[in-house]
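Biologist: Could you walk me through this one, starting with any term I need?

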Amino acid sequence: MPGALSHIRVLDLSRILAGPWAGQMLADLGADVIKVERPGAGDDTRGWGPPWLKDEQGVESNVAAYYLCANRNKRSITIDITQAEGQALVRQLVAQSDVVLENFKVGGLAQYGLDYDSLKAVNPRLVYCSITGFGQDGPYAPRAGYDFLIQGLGGLMSITGRPDGEEGGGPMKVGVALTDILTGLYATNAVLAALAWRERSGEGQYIDMALLDVQVACLANQAGNYLATGQSPKRLGNAHPNIVPYQDFPTADGYMILAIGNDGQFARFCAAAGAPQLATDERFATNRARVVNRTTLIPLLKKLTIERSTAEWIATLEALAVPCGPINTLADVFADPQVQARGLKVTMPHPVGVEQAVVSPAAISITVGRAGCSYRDRTDHTG
């Protein structure tokens, strides 16, 4: 079946993660995404290994697994945009594209005539999305932005990790480059909104997307807590600032997560744990009271949870509609029956080991219909 965006062509000039993630989302929805990379090197993440993609014989390629996580469903070419012929080739592609994604530094593409104002003259209906660390204005605009830096600067690391004073306490980044991924999702959403507006108005739009803006916006309830009280939230490890108990607990053979969201669930847990009196204790009977008395309650619950295995707890509590779960490794994740039932692992072909053609710019002059061009991965256009 054709994708919802099968009528849309995207020119993806971005690299690393935030921009490519947005391009991948659009490609997954059916858009024809043409990824432009640097001749001789490609996207930086092609070299961010090991691990590396292996061919059918198990031989490692020079393509990192990291690169593959954000570039599926795209056609990839290389163009030297520092050369006049390369710039002309990009403009040819823009003339028949709907969307441009780029994450160069502020003003970085203007010197090549590939900024929004220049390309808008080529295609007035163009939706042009610039992704930077700090946006197109403000005192930090010229700075390069990386996910790790933004997680620190944007407040996420101040609320992630174990509390100061505990073993292992201190600020901690999230285990994936979450700010980049969230920025890619925000960018995708903005592009779709701009395309919807274009259907009504006939006009393209310029999108100024910044990692710091997204990170601050995604502080969610923690930002709300600060704005309501004027007090910066503290690190709580895996605990929740507004709900108790809502964290990891030790079991007889490891750990489990309890995510109790209301008083009824807490009462059912206490009964299952053989401690129904905790649910009627005025210190713990309501979530409000449990948050206030967190430091008293949690040690009591840990003494209970450690008496059974993780599997025993999950079997018992799921039957009582008490939210709980294991802490899976990635091997566990992809072996999980729900993950398998939902088809979350998809096997796709990749031209590893296929000799790549070298084509002159004239050979791909865009004079045909949208589906009329076919590029191999990493075909080298050296204009």
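Modeller: A term to begin with: helices, counted as H or I runs of at least four residues, are DSSP runs numbered from the N terminus, and please keep in mind that this is a predicted model.

Biologist: Which residues of H9 are buried?

Modeller: In H9, which spans residues 263-272, the buried ones are Gln265, Phe266, Phe269, Cys270 and Ala272. They sit on the same side of H9, because they cover an arc of only 160 degrees around the axis.

Biologist: What covers them?

Modeller: The cover includes strand E10 (254-259) along with helices H10 (277-280), H11 (287-292), H12 (294-305) and H13 (310-319). As for Phe266, Arg290 lies over its face, at 4.4 Å from the ring centre.

Biologist: Switching to rings, how many aromatic pairs are there?

Modeller: The structure holds six aromatic pairs, and one of them is Trp48 with Tyr66, an edge-to-face pair at 5.0 Å centre to centre with 75 degrees between the planes.

Biologist: Is Trp48 buried, exposed or partly exposed?

Modeller: Trp48 has 40% relative accessibility, so it counts as partly exposed, and Tyr66 likewise counts as partly exposed because its relative accessibility is 29%.

Key: Residues are numbered from 1 along each chain as its sequence is written. This is a predicted model: local features need pLDDT of at least 70, side-chain atom pairs count only at pLDDT 80 or more; totals for chains, interfaces and linings use all residues. Side-chain values use heavy atoms; hydrogens and water are left out. Buried means under 20% relative accessible area, exposed over 50%, partly exposed in between (1.4 Å probe, protein chains only). Helices (H or I, at least four residues) and strands (E, at least two) are DSSP runs, numbered from the N terminus. The arc is that of the directions from the helix axis to the C-beta atoms. Contact means heavy atoms within 4.5 Å. Rings of Phe, Tyr and Trp (its six-membered ring) pair if their centres lie within 6.5 Å; planes under 30 degrees apart count as stacked, over 60 as edge-to-face and the rest as tilted. A charge sits over a ring if NZ of Lys or CZ of Arg is within 6 Å of the ring centre and within 35 degrees of the ring normal.
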